[in-house]
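Hi,

Here is the structure I promised to pass on. Have a look at it first, and then read my notes below.

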Amino acid sequence: MMRFIFTVVVIVSMAACATGCRKVEGTGRNQLVLTSASTEAQLGVQAFNEILKKEKRSTDPEAIAIVQRVGQRIAAVAPDRGFKYEFVLLESKQPNAFCLPGGKVCVYTGIFKYCQDEAGLATVMSHEVAHAIARHGGERMTQGLIVQGVSTGLNAYLKNQGVSPTATNVAMAAFGAGAQIGVMLPYSRTHEYEADYLGLKYMAQAGYDPRVGEEFWGRFASSGGSNVPAFLSTHPPSAERSRKMREHTDEAMKLYAQSPKYGKGVTLPARYLK
Ligand SMILES: [Zn+2]
């Protein structure tokens with residue numbers, strides 16, 4: 001059965017490649033995305049609205065201002081995809097963050113203690129923005145829906161689903177926002193490394209010290225223990241990963257040299273760091 005599914009996926013992928021193959025800007029990797037960017041953005045907005053209905057928005061002006069500032073600096077340097085960025089801080093112990101296609105970014109206060117400062121927050125936010133810019137969500141939806149055998153007319157399929165819970169749920173899981181619906185799909189290693197690499201560059205261009213990147217993931221990884229947060233389980237850390245981050249730091253430092261320098265920025269408010 002697996003072999004059959006694999007064959008179908010290969011054949012459909014080859015057929016679809018005529019229209020759905022593209023290269024990721026910044027890495028040149030070939031990817032197959034059958035959804036359109038506008039469909040992804042539409043699903044991103046639906047998912048965002050669902051999340052805002054369920055989650056509690058922070059009312060802390062100091063913390064909100066920091067999230068906005070970091071987000072806007074990243075948005076200003078990331079490749080222009082016509083995203084309508086929004087940066088929202090959600091009050092929750094969950095250490096989590098994600099960027100939906102179309103540029104809706106959610107950060108949970110629970111991740112602050114791992115970030116420590118603005119540059120730590122920039123590491124997380126630029127990594128998440130990179131997932132969206134590189135259309136990893138669309139790629140994951142494509143993979144998922146091909147396996148389900150609805151590869152033909154994928155856009156039509158999603159369109160027919162409209163605002164249905166099914167389409168939104170598929171999208172949420174694919175976009176990394178699945179904690180809401182209890183389905184957390186881990187990003188593949190390829191996606192993680194790509195988001196690390198691209199995110200590190202955005203962060204440096206935005207003016208944050210890219211050396212903090214490796215520090216952040218190290219801090220996050222070592223804090224896992226037996227109580228591994230969802231964010232971490234979908235972002236597998238490894239010795240290989242920090243080694244790669246270190247490799248990319250030199251390249252990012254060259255970008256940082258030509259950028260405004262905020263260093264580590266301000267320390268996040270102490271009440272979140274306990
Ligand atoms: Zn990631």
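Let's start in the sheet: Leu 90 stands opposite Tyr 108 in β5. Strands here (E, at least two residues) and helices (H or I, at least four residues) are DSSP runs, numbered from the N terminus. Helix α3 packs on this sheet and touches both β3 and β5, where contact means heavy atoms within 4.5 Å. The direction of α3 makes about 150° with that of β3; such angles run from 0 to 180 degrees between N-to-C directions, and the axes are lines fitted to C-alpha atoms, for helices over the stretch in contact.

Before the rest, a word on where this comes from: it is a predicted model, so local features need pLDDT of at least 70 and side-chain atom pairs count only at pLDDT 80 or more, while totals for chains, interfaces and linings use all residues. Residues are numbered from 1 along each chain as its sequence is written, and side-chain values use heavy atoms, with hydrogens and water left out.

What is the order of the strands in the open sheet? It runs β3-β5-β4, with mixed pairing; two strands pair if DSSP finds at least two bridges between them. The edge strands are β3 and β4 (97-100), each pairing on one side only. On average, neighbouring strands of the sheet are turned by 15° against each other, direction ignored. Between β3 and β5 the pairing is parallel, over 5 bridges.

Now for the salt bridges (a side-chain nitrogen of Lys or Arg within 4 Å of a carboxyl oxygen of Asp or Glu). The count comes to 15.

Lys 104 is in strand β5 (residues 104-108) and Glu 86 in strand β3 (residues 86-90), 18 residues apart. Is each side buried (under 20% relative accessible area), exposed (over 50%) or partly exposed (in between), using a 1.4 Å probe and protein chains only? Lys 104 is buried at 8%, and Glu 86 is partly exposed at 34%.

Another salt bridge joins Glu 118 to Arg 69, with the closest N and O atoms 2.9 Å apart. Glu 118 lies in helix α5 (residues 118-133) and Arg 69 in helix α3 (residues 61-77), so this pair ties together parts 49 residues apart in sequence. Glu 118 counts as buried, at 2%, and Arg 69 as partly exposed, at 29%.

Cheers
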